[in-house]
Amino acid sequence: MNQQRIRVETVGAEAVPVVVIDDFSPDPDALVEEAVRLTYQPLGAFYPGPRAPVGAAYFKGLNGVIAAVAKQVFGAADRVACDRALYSISTASPGDLSLAQRIPHVDDTEAGKLAIVHYLSRADLGGTAFYRHRSTGFERITPDRHRAYLDALKADFAAHCEPPADYIDGDTVLFEQTAAFRPAFNRALIYPGNLLHCACLAGQALSPDPRVGRLTVASFLTAR
């Protein structure tokens, strides 16, 4: 039986917790083999590659640690529900990126939404970084900040032009990187879904093969 190693770090001026869990899944190799057998397609506007839903067995052995983290770190008082969980393979060439894929994003603005990124590649093919929007100072995009953030982004693009067709890599004129987490096989990050973030994909060799490419599972939770 695996024994997860858990640490909590805080990122940015807003001191938002990010949980790092090593040895996350009890059988990560089985997950890779499952991923190889699936059919992938684009799902969502932000992720730069195809995705496929995970099987119901994915959370076997994980519910306890996820519930504990949601309660002890993020203050969940009642329950945690999985909204969706997706095998994800980064494949998009920099020149094919949409504007939304060239800048940090959030998964949801609502309170109580958590995201998990679970790295299943043995090679270091890029982790996850978190950001502060310079002109507003926002690191989390909450419902009361959302409109102001979108308006400020529009003004940023007018003043500085849209970012070039490439993956974001550290600080830019529009965003300051507040933290970056390296990947490791069977490592997971858990963080609030409204925290600005982006995969660290600049300069990576991206393969569509789940065995050699940047394979992750992205899970989106509601914690109440």
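Two residues are taken to be in contact when heavy atoms of theirs lie within 4.5 Å of one another. By that criterion, and leaving aside neighbours within four places in sequence, Leu125 in this predicted model is in contact with Pro183, Cys200, Leu201, Gln204, Ala205, Val212, Gly213 and Arg214.

- Although Leu125 and Leu215 are 90 residues apart along the chain, their C-alpha atoms are separated by 9.0 Å.
- The space in the largest cavity comes to about 40 Å³, and the count of cavities of 30 Å³ or more is one.
- Sorted by class, the lining of the largest cavity has six nonpolar residues, three polar residues and one charged residue.

**Helix H2**

- Within helix H2 (residues 63–72), the residues Val65, Ile66, Val69 and Ala70 are buried.
- Seen down the axis of H2, these buried residues fall within an arc of 130°, so they line one face of the helix.
- Asn63, Gly64, Lys71 and Gln72 are exposed, and they are carried on the face of H2 that is turned away from its buried side.
- The cover over the buried residues of H2 includes strands S1 (5–11), S2 (16–22), S5 (80–89), S6 (113–119), S9 (188–192) and S11 (215–223).

**Nonpolar cores**

- The largest nonpolar core has 29 residues, and those with the most contacts inside it are Phe24, Tyr58, Ile66, Tyr87 and Leu215.
- At least two residues of this core are supplied by each of S2, helix H1 (28–36), H2, S5, S6, S9 and S11.

**The largest pocket**

- About 440 Å³ of space lies in the largest pocket, and of the 30 residues that line this pocket, Tyr47, Arg51, His105, Asp107 and His197 are the closest to its centre.
- S5, S6, strand S10 (197–199) and S11 each supply at least two residues of the lining of this pocket.
- By class, the lining of the largest pocket is made up of 19 nonpolar, seven polar and four charged residues.

**Residues with a positive phi**

- Most residues other than glycine have a negative phi.
- Ala15, a residue other than glycine, has a positive phi near 50°; its place is in the loop between S1 and S2, and at 42% relative accessibility Ala15 counts as partly exposed.
- Asn186, likewise not a glycine, has a positive phi of about 70°; its place is in the loop between strand S8 (175–181) and S9, and at 5% relative accessibility Asn186 counts as buried.

Terms used. Residues are numbered from 1 along each chain as its sequence is written. This is a predicted model: local features need pLDDT of at least 70, side-chain atom pairs count only at pLDDT 80 or more; totals for chains, interfaces and linings use all residues. Side-chain values use heavy atoms; hydrogens and water are left out. Buried means under 20% relative accessible area, exposed over 50%, partly exposed in between (1.4 Å probe, protein chains only). Helices (H or I, at least four residues) and strands (E, at least two) are DSSP runs, numbered from the N terminus. The arc is that of the directions from the helix axis to the C-beta atoms. A nonpolar core is a set of buried Ala, Val, Leu, Ile, Met, Phe, Trp, Tyr and Cys residues joined through side-chain atoms within 4.5 Å. On a 1 Å grid over the protein atoms alone, a cavity is a set of points where a 1.4 Å probe fits but cannot get out, and a pocket is an open set with protein on both sides within 12 Å along at least five of seven lines; lining residues have an atom within 4 Å of a point. Grid points are joined across faces, edges and corners, and a volume is the space filled by probe spheres set on the points. Ala, Val, Leu, Ile, Met, Phe, Trp, Tyr, Cys and Pro count as nonpolar, Asp, Glu, Lys and Arg as charged, and the others, Gly among them, as polar.
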